[in-house]
Amino acid sequence: MTTAVVLYNLGGPDKPADVRKFLFNLFNDPMIIGAPAPIRWTLAQMISRRRAPIARAIYANIGGGSPLLANTRAQAEALEVVLNSEPHGADAPGPFRCHVAMRYWHPFWHETMDAVIAQAPERIVLLPLYPQFSTTTVGSMMRVWNQAAEKRGLSIPVTALCCYPTEPGFVDAVAETLVEALAKVPDGVPARVLFSAHGLPKQVVEGGDPYQWQVEQTARAVIARLARDGTQVPDWLCSYQSRVGPLEWIRPSTDEEIERAGADKVALVIVPIAFVSEHSETLVELDIEYRHIAGRCGVPAFVRTPTVSTMPAFIDGLARLVRDRVARPCDICTGDPGAAGGRLCGGEWAKCPVPVSPGAAGGNGHG
C-alpha cells in the first residue's frame with residue numbers, strides 16, 4: 001500500500017535572476033489577482049517589474065535567494081523517517097515516500113506530480129505546509145493540482161488536507177518555542193505576545209475565506225496549551241504582516257502593534273504563527289525590518305520565536321495527519337482533531353472547501 005505524500009508550500013527564487021519571474025508567477029495567479037486573464041497578465045508584468053528590485057534587496061540579506069526549498073526538503077525527509085518508523089504489513093499503511101512541490105517556483109506542482117505518477121503509488125496525500133486554510137494558498141494549489149490531474153488523467157486516489165490550525169503536535173511545538181522566548185524577556189519588564197501571520201486583503205476574508213478565523217484559533221490553542229502547564233500569558237493578540245498594494249488589509253498590522261508596544265513600554269515576543277519554515281518573511285521582515293522598528297520606537301525587548309521547522313512534535317503531528325487520512329480517506333479533509341473528519345469552519349466561512357454536513361448547524365464560527 002505505497003503512499004506518496006506531497007508536502008507543498010509557496011516556493012521562492014533560488015537566486016537574484018529568478019526574482020522577477022517568481023513574482024510574475026505569484027501575481028499571475030487568479031487566486032491572488034482576480035482580474036480576467038489578459039488584464040491579470042499585464043498587471044502581473046507591471047507589478048513584478050516594479051517590485052523585483054525591492055525583492056532582490058530583501059533576498060540579498062539572506063544570500064540572494066529563498067531558503068524555503070531547502071527547509072521544506074528537510075521537513076519532508078524528517079516526515080518520511082517518522083512515517084516509515086512503524087512496520088508495514090500487507091494491509092498496513094506504507095511504505096511512505098515524501099515529495100516536495102511548490103506553487104510559484106521549482107519544483108512546480110506539475111513537475112512533482114509527474115515524478116509521483118512515475119513511481120506509481122497506490123494513493124497520494126496532499127499535505128499543505130500552511131496550517132490555516134486560505135483560498136490564496138491551499139485553495140490555489142488545489143486548483144492547479146486538479147487541473148494538472150485532469151489533464152494527465154490521474155487515476156491514483158488523492159486525499160487533500162486543507163488545514164490543521166489546532167493539530168496538537170503543531171500547537172505543542174509553537175508552545176515550546178514561546179515558553180523559551182518568554183524566558184528571554186528581562187526580569188521585571190512586562191511582555192506582550194504578537195502572533196504574527198501573513199495578511200490578506202480585507203475583501204478576501206469578507207468573501208468567506210476562513211484564514212483569519214483559523215489563525216485566531218491557532219493562537220487561542222497555543223495560549224490554552226501554555227495555561228495547562230501553568231504558564232499564563234495575559235497580554236497577547238494576533239497581528240498581520242506583509243501587506244502590499246492599495247487594498248485595505250486585515251488588521252491589526254504587526255508594524256502598528258510594534259509601535260504601540262513602544263508607546264506602552266512593553267517587551268514584544270513575536271510568534272510567526274502561520275509560517276512553519278524560515279524564509280524571507282521571518283528572516284528579513286521580522287528579524288531585520290520589524291526589529292528596526294522596535295528599536296526606533298523604544299520597545300524594551302524584542303524576541304522572535306523560531307518557526308516549528310523540523311521540531312519533533314510538529315513532524316509527529318504531520319505524521320498523524322497523514323496516517324489518519326490514509327485510514328479514513330476523503331477528497332478534502334481538515335486535519336483538525338476537533339472536526340472529527342468533518343468541517344472545522346462555521347457555515348459563514350463559505351470558502352472553506354469542506355462541505356457542510358447535512359443537518360449540521362454551522363454558522364457559529366465554532367464548528
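# Report on helix packing and backbone features

Phenylalanine 314 touches Gln75, Leu129, Tyr164, Gly169, Phe170, Ala173, Val276, Val308 and Ser309, when residues up to four places away in sequence are not counted. The model in which these contacts are found is a predicted one. Phenylalanine 314 lies in helix H11, which covers residues 312-327. Its relative accessible area is 1%, so phenylalanine 314 is buried. Phenylalanine 314 and glutamate 167 are 147 residues apart along the chain, yet their C-alpha atoms are separated by 8.9 Å.

Serine 140 belongs to helix H5, residues 138-152. Serine 140 has 0% relative accessibility and therefore counts as buried. Apart from neighbours within four places in sequence, serine 140 is in contact with Asp29, Met31, Arg103, Tyr104 and Thr135.

## Two helix pairs

One of the residues touched by phenylalanine 314 is Phe170, and Phe170 also takes part in the meeting of helices H6 and H8. Helix H6 comprises residues 168-182 and helix H8 residues 211-228; their axes come within 9 Å and cross at roughly 65°. H6 and H8 are therefore roughly perpendicular to each other, and their crossing is right-handed. On the H6 side, the residues are Phe170, Val171, Asp172, Val174, Ala175, Leu178 and Val179, and these meet Thr218, Ala221, Val222, Arg225 and Leu226 of H8. Sorted by class, this contact of H6 with H8 has nine nonpolar, one polar and two charged residues.

The second pair is formed by H9 and H10. The axes of H9 and H10 come within 8 Å and cross at roughly 25°. That angle makes H9 roughly parallel to H10. The crossing of H9 and H10 is right-handed. H9 contributes Thr254, Asp255, Ile258, Glu259, Gly262 and Ala263 to the contact, while H10 contributes Tyr290, Ile293, Ala294, Arg296 and Cys297. The contact of H9 with H10 divides into six nonpolar, two polar and three charged residues.

## The buried side of H9

Helix H9 spans residues 254-264, and its buried residues are Thr254, Asp255, Glu257, Ile258, Ala261 and Gly262. These residues cover an arc of only 160° around the axis, and so they are on the same side of H9. What do the buried residues of H9 pack against? Their partners are strands S5 (191-198), S6 (236-241), S7 (267-272) and S8 (302-304), together with helix H10 (280-297).

## Backbone features in the loops

Most residues other than glycine have a negative phi, and most peptide bonds are trans. The table lists residues that depart from these patterns.

| Residue or bond | Backbone value |
|---|---|
| Histidine 106 to proline 107 | cis, omega near -5° |
| Arginine 251 to proline 252 | cis, omega near 5° |
| Lysine 265 | positive phi near 60° |

Proline 107 is placed in the loop between strand S2 (96-102) and helix H4 (109-119). The loop between S6 and H9 holds proline 252, and serine 242 is also placed in the loop between S6 and H9. Serine 242 has 12% relative accessibility and therefore counts as buried. Lysine 265 follows H9 and is found in the loop between H9 and S7.

Key:
Residues are numbered from 1 along each chain as its sequence is written. This is a predicted model: local features need pLDDT of at least 70, side-chain atom pairs count only at pLDDT 80 or more; totals for chains, interfaces and linings use all residues. Side-chain values use heavy atoms; hydrogens and water are left out. Axes are lines fitted to C-alpha atoms, for helices over the stretch in contact, and angles run from 0 to 180 degrees between N-to-C directions. Helices (H or I, at least four residues) and strands (E, at least two) are DSSP runs, numbered from the N terminus. Angles under 35 degrees count as roughly parallel, over 145 as roughly antiparallel, 65 to 115 as roughly perpendicular and the rest as oblique. A crossing is left-handed if the near helix is turned anticlockwise from the far one by less than a right angle, and right-handed if clockwise. Contact means heavy atoms within 4.5 Å. Ala, Val, Leu, Ile, Met, Phe, Trp, Tyr, Cys and Pro count as nonpolar, Asp, Glu, Lys and Arg as charged, and the others, Gly among them, as polar. Buried means under 20% relative accessible area, exposed over 50%, partly exposed in between (1.4 Å probe, protein chains only). The arc is that of the directions from the helix axis to the C-beta atoms.
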